[in-house]
Amino acid sequence: MGFEDTALLSRILTLMTLSFHILYATVGVGVPLMIMIAQWVGIKKNDDHYILLARRWARGFVITVAVGVVTGTAIGLQLSLLWPNFMQLAGNVIALPLFMEVFAFFFEAIFLGIYLYTWDRFEDQRKHLLLLIPVALGAAASSLFITVVNAFMNSPQGFEVLNGELVNVSPLLAMLSPAMPTKVAHVMATAFMTSAFLLASIAAFRMIRGSNHVYHKKALFLTMKLGLVFSIATALIGDFSGKYLAEYQPEKLAAAEWHFETEEGAELILFGVLDGEEAKYAIKVPYALSILAHGLPDSEVTGLNEFPKDEIPPLWIHYLFDTMVTIGMWLAFFSFVYVVAAWRGWSFIKAKWFRWLIVAGGPLALIAIEAGWWFTEVGRQPWILRGYMKTSEAATTSGQVDLMIILFAGLYFILGVGTIVVLSRMYKRNPVEKELADREAQKGGEQE
Amino acid sequence: MTLEIIGISVLWLFLFLYVIVASIDFGAGFFNAYSAFTNKQHILTNIIQRYLSPVWEVTNVFFVFFFVGIIGFFPLTAYYYGTALLVPASIALVLLAIRGSYYAFATYGAKINHRGYIYMYGLSGLLLPAALSPVLAMSEGGFIKMADDKPYLDYWALFTSPLSWSIVVLSLTAVLYISAVFLTWYADKAGDVKATDLMRKYALIWAGPAIITATGIIFELRAHNAEHYTRLLDLWWVFGISFLLFVGTVYLIWKRRNYGWAFILLVGQFFTAFFAYGFSHYPYLLYPYLTIYDSFTNESMAIALIIAFIAGLGLLLPSLYLLFRLFLFDKDYVKGKSDYHA
């Protein structure tokens, strides 16, 4: 098997593992914060429903964490198995955040175990809330450090290459790469946003299925409010990310926007189909790309023609970019409508069709996460380390990658189906009405 | 002490901790399955689940810590081991994934009590050490060969080598022995007489095979890697201490006394043997291609990693202590007096 082929197969396997892992990782970063907020609201309002909300979310969360942990272990090791040449080079520069990520993960794992097995063990619920802080912090910190590594791959710095040798390595400088602030902020904001919309989906789904308990209403209102806040944050940070791209990775932005000629007052292309260098059936917004890139309508945006042909990313990333942005905008708008309507007491948000739209929100957010990651990753092709190492030079020389693809595809299939089956069983067998009744009975029993 | 030595010592320590906690975990799965097979499951399941539930995820982190750490301190290992290990490491990953997720699915989620799953979980616990341990054999040289300047794994040599099979057998017996001693102690703390007796029996059964295979490997090495063998012999007195500790453990278990001390002696036994083996391996990471000196990262990264490591331990040790206080050393929890499960 040729060298190029193993590179392609390694890319496929990495894509598969990461695409599967980020679904769980996103939930893993976002949900602890939601649990923490629910528990905090419950304590503050002295409302048992929110505490129960936290508890039920936590139970489902364990299942997703388990799959997140094992797939995270897989990608962690696959980095060295599939990209040994890259890891050997990058390990010299970027090992620090990888190492710190493990500590964050360690910290989270310890406190998650404690949190899950100390329900009702402390008299004071506030003590129990304290245990969630390290869980949420650990989850956020591991996403921070691992995104730092990815940011480094997009805009490497903190070292020099002299006669093929790495010299003057500065681990801290490598961590503070130009891509880091926007990437980290965007990853976290979208994780919180996606988790909020996913939990809202569940509440809306239960309500459609006829459960009219006030518990679901509280859950829905809380998560939609959080979804609104984080989707606005996401949009703002997305704008900063555009400005970062224009400055440091103009070829990625240009490919995403099918922007060929360098020009001032560049237009933004929404949707459409590419025909040669012409975008057909597209909505073109004048000056918008210049505003996205530099904040001024008449500023100059670098076009694709400025780059060597073998250093530009594939042009289909435009569709990924559009998917991500459209879903993000829709969710921000939609949650805004919901929150305003809920405050005003407008009743259309109780209609079935509207609730189905809420149900769609969670899966849509997950699709946007996938599209966004594919966009950013495919958008830096052909580089694995932009400007330093091409993807084809980094791949393993082992001939068995194709078999491993089949092996892991089977694994992810089992894990995916397992998650769905276990989660749906868990909540179906123990609906909230039953759990509330059980808790009442238990309390009554204790008082006697 | 040079930075290289600090780096490898830290990693070796974490590998050791993984060996201990993972052995308890893998062995527990096996004993659980075996007791289901012999219709004694009711005796062991509660004890095992009560221990494993809050800590299984932490166990996994020790493993991640080791492989992330070794790439960090010795990036060149990614090139050699990464290229050669694609297939065995992928298989280990799949087993690990099935195991970890199944445990969460079964104990937190669906409460599946299907026998097939229990057997699978137990079996995967035995397959995992078998899949991971050949890495130790590879590090002795002779299995990773170079062609066109690129490393590849010689499967035929690996599968026909008595050394690699001895290491597999050692890992299996050690897993069962370590796990049985620990669970004897844990069951005793829980005041569960039946489980204690059962685990005590297993501990005594597996003590013999564990020590015999461990000794056997030293002689296998004489034929496989003479240089390593001589260095091992120089450290004979450390292995002697290790053996005395082994005798102490078996004695205490036999006499049904001080199970806690028995476990501590067991950890001491493996600690001394593990580190003596590690020292004798010095300076090679992969004989004869890779030493800890030529694969070491640059100085600024090494210092940064060591600082991060110390800071990380500052966070980790108190947290681990808290975890142990709440679950391992808390009488009410161990005895299962209340259900504190989320």
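Predicted model: local features only at pLDDT ≥ 70, side-chain atom pairs only at ≥ 80, totals over all residues.
Reader: Why is A:Ser231 called buried?
Author: Its relative accessible area is 2%. Buried means under 20%. A:Ser231 therefore counts as buried.

Reader: Where does A:Ser231 sit, and what is it in contact with?
Author: It belongs to helix H7 of chain A, residues 214–248. Leaving aside neighbours within four places in sequence, A:Ser231 is in contact with A:Met193, A:Phe197, A:Leu331, A:Ala332 and A:Ser335.

Reader: What makes A:Asp47 and A:Lys218 a salt bridge?
Author: The N to O distance between their side chains is 2.6 Å. The cut-off is 4 Å, so the pair qualifies. The bridge links distant parts of the chain, 171 residues apart. A:Asp47 lies in the loop between helix H1 (3–45) and helix H2 (48–82) of chain A, and A:Lys218 in helix H7 of chain A.

Reader: Is A:Asp47 buried or exposed?
Author: Buried. Its relative accessible area is 16%, and the limit is under 20%.

Reader: How do you know that B:Asp25 and B:Arg99 form a salt bridge?
Author: Their closest N and O atoms are 3.0 Å apart. That is within 4 Å, so the term applies. B:Asp25 lies in helix H1 (residues 3–37) of chain B and B:Arg99 in helix H4 (residues 86–110) of chain B, so the pair ties together parts that are 74 residues apart in sequence.

Reader: Why are B:Asp25 and B:Arg99 called buried?
Author: B:Asp25 has a relative accessible area of 8%. B:Arg99 has 4%. Buried means under 20%, so both residues count as buried.

Reader: What makes A:Glu377 and A:Arg380 a salt bridge, and are they buried or exposed?
Author: Their side chains meet at 2.3 Å, N to O. The cut-off is 4 Å, so this is a salt bridge. Both A:Glu377 and A:Arg380 are buried.

Reader: How many salt bridges does the structure hold over all chains?
Author: It holds 5.

Reader: How do you know that the radius of gyration of chain B agrees with a compact globule?
Author: With 342 residues, such a globule would have a radius near 20 Å. Chain B has 20 Å, so the two agree. Its C-alpha trace spans about 60 × 40 × 40 Å along the principal axes.

Notes: Residues numbered from 1 in each chain as written. Chains lettered and ligands numbered in written order. Heavy atoms only, no water. Rg over C-alpha atoms; globule rule 2.2 N^0.38 Å. Helix = DSSP H or I, 4+ residues; strand = E, 2+ residues; numbered from the N terminus. Buried < 20%, exposed > 50% of the residue type's maximum accessible area, 1.4 Å probe, protein only. Contact = heavy atoms within 4.5 Å.
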